[in-house]
Every structure is written in structure tokens, then in C-alpha cells.
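Visitor: I have a model open and a few quick questions about it. Can we go through them one by one?
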Amino acid sequence: MTTLSTILKLNNVTKKFTGLIAVNDVSMEVEENTIHALIGPNGSGKTTMLNMINGQHRLTSGSIYFQNDEISKLPTFKIARKGIGRTFQNIKLFSSMSVLDNVLVGGHFGTKVGLVRSVVDIFAARKEERQLIEKAEEILNMLGLYSLKNELVKNLPYGRQKVLELARTLMIDAKLILLDEPAAGLNPSERLEFVSILARLHKQGKTLFLIEHNMDVVMTISNRITVINFGAKIAEGTPKEIQNNDEVIKAYLGEKYKAPKGSEVE
Amino acid sequence: MLLQVLVSGIAMGFIYSLVGYEFTLIWNAASLINFAHDKFIMISAYIFAGTFVIGLGTNPIVAVIITLIIMGVFGALVAVGIFNPLRNMPSDLYAVTGTLLLARILAELTRLIWGPVPFTIQNFITGVVHIGGIVIPQINIAIIVVSVVFLIFLQLLFKKTKIGKAMRCVSQDKTASSLMGINVQRYIIFTIALSTMICTVIGILIIPTFMVTTDMGSMIGLKGFAASVVGGFGILPGNIVGGMTVGILENLSILVLPAIYKDVVAFVLLILFLLIRPNGILGKRKD
Amino acid sequence: MSNVHDNVENSLVKNEYTKSKYIVFLVLVILASVLPFFTTNTYYIMLFDQILVNIIVVLGFNFITGLTGQMNLGTAGTVAIGAYITGLLTVRCNISPWIALLLAIPAGYLIGKGLGYPSLRLKGFYLALTTIGFTVIVQLMVTNLSDLTGGTQGVQRIPGFNLFGISISTNESFYYFLLVCVIIAVLISIKIIYSKWGRAFKAIRDNIDAVEACGIDVADIKIKAFTLASIYGCIGGALFANLSGYINPGTFGIDMSFNFLIMLMVGGIGSIGGSILGAIIVTMLPESLRFLQDYYWLIFSIIVLIFVIFQPNGLVELFNKIYKAVKSKLLKKKGGDDIVDHSKVK
């Protein structure tokens with residue numbers, strides 16, 4: 001049932017690579033302003049799904065809707081402009097550039113001054129640049145990165161780089177943020193900080209759709225979880241429901257997460 | 001006329017095929033484009049003609065063997081000293097610049113050692129043959145025969161010998177090869193040395209047609225790239241298909257276009273294929 | 001606690017550091033302006049002229065290869081087209097060199113679009129091949145269309161410029177004219193690089209997937225980069241024709257493309273200072289290594305090869321490293337151990 005607040009809808013989405021069905025007829029919905037997790041064993045097709053939402057893979061069949069617009073056939077950059085942001089499993093930042101510059105790149109498509117005008121009309125260019133910098137610095141400040149704004153990305157610790165990727169999605173005014181294993185590679189304190197940032201974004205109205213293997217993170221923070229295995233959806237529900245779902249336990253979780261006193265914290 | 005043109009086309013086709021073959025070998029083994037390959041061809045010709053046949057009056061057959069050995073060693077040295085560092089650089093750009101610089105250095109060394117004046121070997125396969133009323137330059141026949149023999153030799157080398165099989169493994173999957181106990185580094189060097197020796201054969205074959213000069217190999221080197229792309233880049237048989245296509249088409253073109261456009265044909269083919277079918281004739285269509 | 005304004009030199013945003021760069025540039029301009037007073041030797045003046053023209057071409061080349069990271073060996077073809085437009089229009093059709101120079105801009109624009117589109121689908125080696133193909137075809141066509149282009153004879157007696165009736169084709173006056181052109185080219189480059197455009201170019205070189213995820217139309221940016229490079233190149237070619245007075249196809253081969261590549265790499269990929277430095281060093285080379293006589297080209301090539309292997313990002317990066325090392329030593333002296341190494345701190 002599609003409610004008014006559905007922000008992302010996948011209809012019978014299938015992706016075939018030569019000889020392999022990576023995603024098999026998956027349908028699901030993500031509600032606005034929720035934290036929705038996608039979990040499943042390695043190789044179950046999670047990243048492929050993210051790549052299809054994001055436009056990096058073409059669907060073999062099916063369709064994807066974002067806020068009632070079909071985005072399945074759009075190129076990645078147009079999907080990003082519609083308001084879908086993305087972080088990557090192996091961090092894709094601009095390593096030779098500074099922290100501030102990385103965020104500023106996110107603001108590029110929103111600007112209006114063309115190339116010729118940039119050179120000729122220095123006042124318009126300067127004003128636009130100032131606005132960009134203001135917005136970027138605000139975002140950096142909110143995420144605690146302001147003091148590092150002139151550092152080269154390649155000199156940043158891993159945890160900070162992950163937060164920077166998030167900053168970039170905020171710069172493009174993403175309403176839906178796709179996160180590919182955000183907790184991977186973080187130590188416990190970095191993870192806590194990252195999760196609290198995600199919670200903060202959620203409070204600000206963003207929708208988060210994340211792939212994650214770390215079940216503590218998933219169970220703590222998600223409103224809803226979809227489980228896939230071998231490219232097909234096998235379960236969907238609240239964290240408590242998923243923890244008690246036998247098929248999920250058999251395929252992926254193991255008995256450990258069957259919590260009798262289901263208490264998810266928000 | 002048509003037959004003569006075809007024979008020329010086939011002969012040059014074989015030359016382009018060999019050029020494509022030698023740099024595809026290095027590409028498959030070392031992920032490096034050897035922009036200096038035309039200078040390897042050049043320096044082989046200079047060593048063969050300048051030093052041995054003319055300089056020392058050596059018997060051509062002996063000279064061929066000696067030159068092959070020298071160039072093989074040369075190839076190995078360059079592989080270790082220059083290609084290895086270049087392969088490990090972060091961007092393609094540095095590798096391209098590096099091999100282009102190597103080409104320059106070789107050209108300069110050649111000019112300093114043998115002098116800037118172009119020359120050729122007297123009576124070295126310079127005659128013509130009469131076949132059924134048609135006059136065909138001997139060199140074209142020589143090129144075709146030698147190339148066919150050489151290509152068969154290479155096939156046997158790769159399919160039947162241990163060294164050849166090891167080289168093929170290394171080209172296809174270095175990790176798997178090394179897990180099988182193959183010394184990947186050593187076979188990469190062998191492959192590069194083999195590629196250099198192919199350049200030697202090319203260099204000697206083109207002396208009668210192109211004379212011995214510092215840029216004798218430039219056009220051929222570039223057209224070899226075209227041949228490779230047209231036939232299917234990275235696929236060894238693609239070089240033969242592509243080489244023949246380029247060689248025959250460019251020679252046929254003089255029957256319909258002013259002769260001055262002959263050289264342009266190869267590059268037009270190159271660009272057409274790059275734009276329309278970058279995987280070449282034998283390549284798979286993109287997914 | 002380190003100052004937020006540390007390391008501003010890393011940024012592509014206008015700040016205190018870019019202001020200091022302007023000052024350096026101003027100093028260079030002043031030095032360049034008085035240069036002709038130190039020598040009356042025509043040969044040297046022509047050499048300086050050649051350097052200035054090369055600077056313009058390399059500045060353009062920098063947009064596409066230095067910043068955006070796309071392989072481009074087509075500079076010679078672009079320069080050839082600019083040179084022949086000027087040469088043919090001024091000599092055959094008696095059109096003023098000023099108009100011919102202005103026509104280099106739309107010509108460059110068209111070439112940029114033409115070369116830009118293949119770059120969208122081809123990368124690395126394939127793109128290099130396409131641009132090589134472009135240079136070779138241009139050279140072959142110019143050589144063979146002799147009725148139009150004069151073939152191997154080339155185009156002779158290309159006139160110089162006239163400003164309100166005063167000829168600026170004498171060596172000194174042409175030098176200053178070129179200097180003005182270079183200043184304009186550098187200022188435009190600075191404006192473009194230290195802005196969202198420069199950041200977009202560099203971002204494409206660093207990580208194309210991420211650029212798309214930021215909503216940027218990569219195709220559009222690549223074509224812009226090619227167009228800029230080609231316009232600069234065509235203008236450089238036009239000025240080259242005026243400078244030499246005589247052009248022939250032999251000059252515009254792959255060797256010329258390769259020369260520009262060496263200038264870019266020696267100076268420093270991606271930086272304006274690097275483009276200028278590289279152009280100066282490589283053009284001045286025959287002079288400074290004259291004592292090596294016949295061996296100078298060989299020695300230079302070997303030096304550059306060693307350079308490419310050990311300092312691939314050019315001289316400018318080397319200077320930057322020295323600058324940073326000196327700066328941190330000085331700061332250490334001032335503030336004790338206030339310097340925080342961010343890669344080791346959470």
C-alpha cells in the first residue's frame with residue numbers, strides 16, 4: 001500500500017548480469033523521514049540495489065520511483081539532482097582536494113553562473129561563490145569538520161572521511177541518503193558518533209536508506225528493515241519483527257539477535 | 001594493377017599485424033602501452049644494417065640472429081629498468097610520457113651513434129618477381145613469407161612450449177599464475193623481450209621499403225595501433241584481422257582516391273572504430 | 001589547537017594564499033617587462049616570444065590534462081589549425097591579423113566540441129589514440145592539400161600586427177604585445193581554476209563516480225575543459241604564425257604535442273605556475289644546455305625521464321613540499337608543539 005509519505009518505491013526490480021541474477025523481482029517501499037535498513041548475507045545483491053536506485057546500474061526490468069517520479073532510466077547525475085545522495089562502501093572522495101572543496105563540489109549543480117559569465121561578470125561569480133562557501137561551512141560546522149576545512153582529504157583519518165561523504169550529500173540537499181555500509185571500518189567510538197549524526201539527520205527530516213552488516217547499529221537505529229538473500233526479499237518489518245523471524249535467523253542472523261525483551265531505542 | 005595493390009596491401013597488412021601483436025603482448029602482460037615500440041623497430045634496423053651488414057660486412061643471416069639476441073637482451077633491460085617503475089605509477093599519463101621519452105632518447109642515441117643520414121642496404125631484397133605477367137616487388141613476397149612463418153612460430157611457442165604457456169598464464173591472470181608457482185616477474189620480462197624481438201623482425205623487413213632512418217617506424221607504429229583497435233584491442237588474433245583490414249584498405253584506396261590520402265585511411269579507420277565500435281571487429285559488443 | 005586558516009594553500013577557494021599568488025605573479029610580470037632591456041640580441045627576444053606563446057598553449061592544455069585528467073595529445077593539431085587560419089587568411093585573403101586572431105576563438109570552440117565528444121566515451125589509451133589520430137590527420141591534410149595550404153612549402157610572409165597604424169611586429173613591441181596576451185590568459189585561468197569550475201575539473205580527475213553522485217553533468221564539464229584547452233591552443237597557434245612569419249606542416253607533428261606534454265609535466269600538472277614554469281624551462285632548454293652541444297636533447301630527455309619517475313607531479317609540487325617543510329619548521333620555532341597532526345588524532 002503506497003502511503004502519501006512513501007519517498008522511494010521499487011516495483012519488481014530485477015538485475016541480471018551475464019549468467020547471474022543479482023536482484024530478483026524485489027518490490028519495496030521506503031517511507032519518508034525513516035531510517036530504513038537493507039540487510040542480508042554477502043553477495044545477496046544489496047549494493048546492486050543501491051546502485052540501481054542511484055543510477056549506476058540500469059535495471060533489467062521493473063521500475064523505481066522517487067517521490068512519484070520514475071527515475072529508473074535517468075543518469076546518475078540527474079537522480080542526484082532530484083534529491084538522492086549517496087555514500088560509498090570504499091569512500092569516494094576527491095583525495096587531492098581539501099575538505100571544504102570536497103563539500104563545495106556538491107554545490108556546483110545548484111549554481112547558475114555560466115562559464116563565460118564567471119570570467120566576465122566577477123561580481124556575480126564572487127557573490128555566488130560566497131553563498132556556496134557559507135552553506136558549505138555551515139554544514140561542516142554542524143558535522144564537526146569545520147576546523148579541518150583546509151586539510152587535504154588524503155590526510156584525514158578514516159572516520160572523518162566518512163563524515164565528509166555525508167557532508168557532501170547534505171550539500172546537494174539530498175532528501176534521501178543512500179548509505180553503503182556506513183559503519184564499516186569504524187572503531188566503536190567513531191561508530192557511536194556516526195550513528196548519532198545519522199539520528200540527527202533523521203530528526204532534521206532526512207530519509208536514510210542504508211546497507212549495513214553491523215547488527216547493533218541496524219537494530220538500534222532503524223525504523224524498518226528489509227532482508228534480502230540471493231537477490232530476493234525474504235522479510236520486511238520492524239527490528240523486533242526481523243529479530244524474531246525464523247527465516248532471517250536461519251539465513252543470516254543466527255540465534256544471537258532473538259531478543260526476548262525487544263527494545264529498540266530511538 | 002589490382003593484384004599488385006592487393007599484394008602490397010597484404011604485405012603491409014602483415015607488418016601492421018606484427019606491430020599490433022608486439023605491443024598487445026606488452027599490454028596484456030604489463031598493462032603498459034609501449035609508445036617507444038617504433039623506436040625499437042628503428043634501432044633493430046640500425047643495428048642490423050648499420051653495424052653488421054654494412055659496418056662489419058656480416059652475412060645477413062648471421063646478422064639477423066645476432067641482432068635478435070641483442071634486442072632480446074635490450075628488451076629485458078628496458079623492461080626492468082624503465083617499464084617496471086612506470087607500471088607502478090598512479091596514472092596512465094606518466095606511463096605514456098615515460099615511454100614517449102624513452103622513444104626520444106632512443107632516437108637521439110641512434111642519431112648520435114650512426115649519424116643523421118638515412119641509408120639502405122644495397123641489393124637487400126630489392127628486386128622484383130614476375131608472376132604471370134605481373135610485377136611484384138620481392139620484398140612483399142619476403143614480408144608475407146617471413147610473417148606467416150613467424151606467426152606460426154609464435155603460435156607454436158604459445159601453445160606448445162612451457163615458456164609460451166607460462167607467458168599466456170601471466171597475461172591472463174597474474175594472481176592465479178603466481179599461485180601456480182609461476183614467477184610472474186620473470187615471465188613479464190620474457191614477454192617484453194619477445195615483443196622486442198618481434199620489433200626486430202619488423203625492423204629488418206621494412207628496410208628495403210622505408211630505408212634506415214630515425215623515423216622509419218613512426219607511421220607503422222601508429223598504424224599498428226590502428227590495426228589493433230580495428231581488429232579488437234587486447235586480442236592477439238585481432239591484430240591480424242585489423243592489420244589486414246588497414247593494410248588492404250589503405251592500398252586499395254589509391255585506386256579511388258588521390259595517392260596523397262593513402263596514409264590518412266588508417267587514421268580515419270582508427271577514429272571511426274573508436275567512435276562506433278571501440279571493441280573492434282573481433283571484440284564483443286559492449287554489455 | 002591548529003588555526004582553521006592553516007593550509008589555505010590546499011584550497012581552490014579565494015583566500016589569503018591566492019592573494020599572495022597574485023603578488024608573485026605581479027612580480028613576475030614586472031620582471032618580464034624589463035627583460036628586453038637586458039639584451040638587444042634579436043635571437044633572445046624571439047626566444048622569449050616563443051616562451052610566451054608556449055605559455056598560452058600549455059595553460060590551455062592544463063585544463064584538459066592537468067586538471068581534468070583526460071589524456072590529450074592533440075595540442076599540435078589544434079595549434080596547427082590556429083596557425084593556418086591566421087597564415088592563410090592574412091596572406092591569401094588579405095584579412096587583418098587581428099580578425100584572424102579573433103577567429104581562432106570559434107575555431108578552438110569547434111575543435112573542443114569535436115574532441116570533447118570522443119572523450120566522453122573513451123578513456124586513457126583510447127583517448128590518447130584519438131587525439132594522436134587527430135594530430136596526424138591534421139598534419140597529413142595540411143601537407144597534402146597543397147593548393148589550399150601551400151603543402152610542404154608552407155605559408156610565407158605572414159604579416160605582423162598593426163595597432164592604429166603603428167606596427168607592433170618589431171621584436172620588442174611584439175614581445176610586449178605577447179606579454180599582454182599572456183597576462184590576460186593567466187588572469188582568465190586563475191578566475192576559472194579558483195572557482196567551482198576548477199573544483200569540478202579536479203573532481204573529475206579524482207573520482208568520476210563521486211562527481212556524478214554530486215549531480216554534476218560530467219559530459220558537460222569535460223567538453224568545457226576541452227573547449228577551453230582548444231581555444232587557448234588555437235590562439236597560441238595564431239600568435240605563433242605571426243611570430244614566425246612562416247609556417248609549414250612539418251612543425252605540427254606529434255613531436256610538438258609531446259613537447260607540450262613535457263612542459264606540462266616538468267612544471268607541474270594542474271597548476272598555473274607549473275604551466276608557466278614548464279613552458280619556460282623546456283623552451284629555454286636548447287640555450288641553457290648549449291654547452292652539451294649535440295648531446296643536449298639526449299641529456300634533457302634522460303633528465304625528464306628520471307623526473308617523471310621520481311617527481312611525476314612536477315617542479316611546483318617539489319617547491320610546495322619545500323615551502324611546507326620550511327613553514328612548519330618556522331611555526332615550530334614560534335609556537336612550540338602547537339602543531340597537530342590530524343591524521344593521528346580523532
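Visitor: How many helices and strands are there in chain C?
Guide: This is a predicted model. In it, chain C has 14 helices and two strands.

Visitor: What share of chain C is buried?
Guide: Of its 346 residues, 48% are buried.

Visitor: And the contacts in chain C with a separation of 6 or more: what percentage comes from residues 24 or more positions apart?
Guide: Such pairs account for 77% of them.

Visitor: Switching to the largest nonpolar core. Which residues touch the most other members?
Guide: Ile15(B) and Ala226(B) do, in a core of 254 residues.

Visitor: Which helix gives the most to this core?
Guide: Helix H10 of chain C, residues 218–244, which contributes 15 residues.

Visitor: Why does the core lie between domain 1 and domain 2 of chain A?
Guide: Because both domain 1 (1–83 + 175–266) and domain 2 (98–172) of chain A give residues to it.

Visitor: Back to Ile15(B). What is it in contact with, leaving aside neighbours within four places in sequence?
Guide: Ile15(B) contacts Ile143(B), Ile202(B), Leu205(B), Ile206(B) and Ile220(B).

Visitor: Now the contact of chain C with chain A. How many residues does it take from each chain?
Guide: Chain C puts in 33 residues and chain A 41 residues.

Visitor: Which helices of chain C supply at least two residues there?
Guide: H7 (171–193), H8 (196–206), H9 (208–213) and H10 of chain C. H8(C) gives the most, with seven residues.

Visitor: What is that side of chain C made of, by class?
Guide: The side of chain C that touches chain A has 14 nonpolar, eight polar and eleven charged residues.

Conventions:
Residues numbered from 1 in each chain as written. Chains lettered and ligands numbered in written order. Predicted model: local features only at pLDDT ≥ 70, side-chain atom pairs only at ≥ 80, totals over all residues. Core = buried A, V, L, I, M, F, W, Y, C linked by C-beta atoms within 7 Å. Buried ≥ 20, exposed ≤ 12 C-beta atoms within 10 Å, placed from the backbone. Helix = DSSP H or I, 4+ residues; strand = E, 2+ residues; numbered from the N terminus. Domains from an automatic or database assignment. Contact = placed C-beta atoms within 7 Å. Nonpolar A, V, L, I, M, F, W, Y, C, P; charged D, E, K, R; others polar.
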